[in-house]
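Dear colleague,

I am handing over the structure that we talked about, and I would be glad if you could look through it with the notes below at hand.

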Amino acid sequence: MIEMAMTFAFACFGLGLLICLWRVMFAPTIPDRILALDTMVVNMIALIVLYGMHHKSGLYFEASMLFAMTGFVSSVAYAKFILRGDIIE
Amino acid sequence: MIADILISVLLVIGGVFGLVGSYGLVKLPDLMTRLHAPTKASTLGVGGVLLASMGYALVNGGVSWHELLITLFLFLTAPITANFIAKAWMARHVTAADLPPTGGERTWATLDLSDLPMQPELTPPPPPGRPT
């Protein structure tokens, strides 16, 4: 039963990742693109954790933690660059 | 058995919330409404998956606290990112005429491009020497 639920969650987050990719490619404004990239990071974290559950391995939590940190920093840096034309003033 | 059902339900709820969050990104009309979908629904979806992962580790013998750390980090950073994206959007698509007055001499911080120092200015540094 857990395997079925896991497959369902894999499908949901994979589909969400594709939707975000479509939004990154065809975004009406630049902040939309930042938002879509940030959502891709969130979906990727869920996929990595699910992959770790699937393989019953604790190795993937560090990977997802690092992914969350770099995703947050890159989103903020991109938004700051759009906002001020400079990242660290 | 009960633990299996609980973990499965958490996984399904997390998946549905994650999908709704991503779908809202294409469905909703403009950026300020689109911000709601990923910051709330997707974060909640990932939280559900991480809780399920915690439960799965508990069932297989062994407590794992890493997931709680990731959940906490995501819940802390999602509002900050959303605020920055909203500010970036405002800087490009909103003029001072669209916003209510600030009640001061300066305009909104997002739209303020002047190099004037902040008012009131900081207190001047004390003279050098030993403090009395």
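Residues are numbered from 1 along each chain as its sequence is written, and chains are lettered from A and ligands numbered from 1 in the order in which they are written.

On confidence, the predictor gives the complex an ipTM of 0.87 and a pTM of 0.83. Where pLDDT is low, the predicted coordinates should not be read in detail.

Chain A has 3 helices and 0 strands, where helices (H or I, at least four residues) and strands (E, at least two) are DSSP runs numbered from the N terminus. The radius of gyration of chain A is 15 Å, well over the 12 Å that the globule rule gives for 89 residues, so chain A is more spread out than a compact globule; this radius is taken over C-alpha atoms, and the rule is 2.2 Å times the number of residues to the power 0.38. The C-alpha atoms of chain A fill a box of roughly 50 × 25 × 10 Å along the principal axes. Of the 89 residues in chain A, 42% are buried, a residue being buried if 20 or more other C-beta atoms lie within 10 Å of its own, exposed if 12 or fewer, and partly exposed in between, with C-beta atoms placed from the backbone.

Chain B has 4 helices and 0 strands. For its 132 residues a compact globule would have a radius of gyration near 14 Å, whereas chain B has 23 Å, and its C-alpha atoms fill a box of roughly 70 × 55 × 20 Å along the principal axes. In chain B, 35% of the residues count as buried.

As for the contact between the chains, 42 residues of chain A are in contact with 44 residues of chain B, contact meaning that the C-beta atoms of two residues, placed from the backbone, lie within 7 Å. On the side of chain A that touches chain B, the elements that give two or more residues are α1 (2-25), α2 (30-54) and α3 (60-84) of chain A, and the largest share, 14 residues, comes from α2(A).

Leaving aside residues up to four places away in sequence, Ile85(B) touches Pro31(A), Ile34(A), Leu35(A), Ala79(A) and Leu35(B).

Finally, α2(A) is mostly covered, with 19 of its 25 residues buried. Its end C-alpha atoms are 36 Å apart, which agrees with the 36 Å that its 25 residues should span at 1.5 Å a residue, the expected span being 1.5 Å times one less than the number of residues. Just after α2(A), Lys56(A) takes a positive phi of about 50°.

With best wishes

How values were computed
Predicted model: local features only at pLDDT ≥ 70, side-chain atom pairs only at ≥ 80, totals over all residues.
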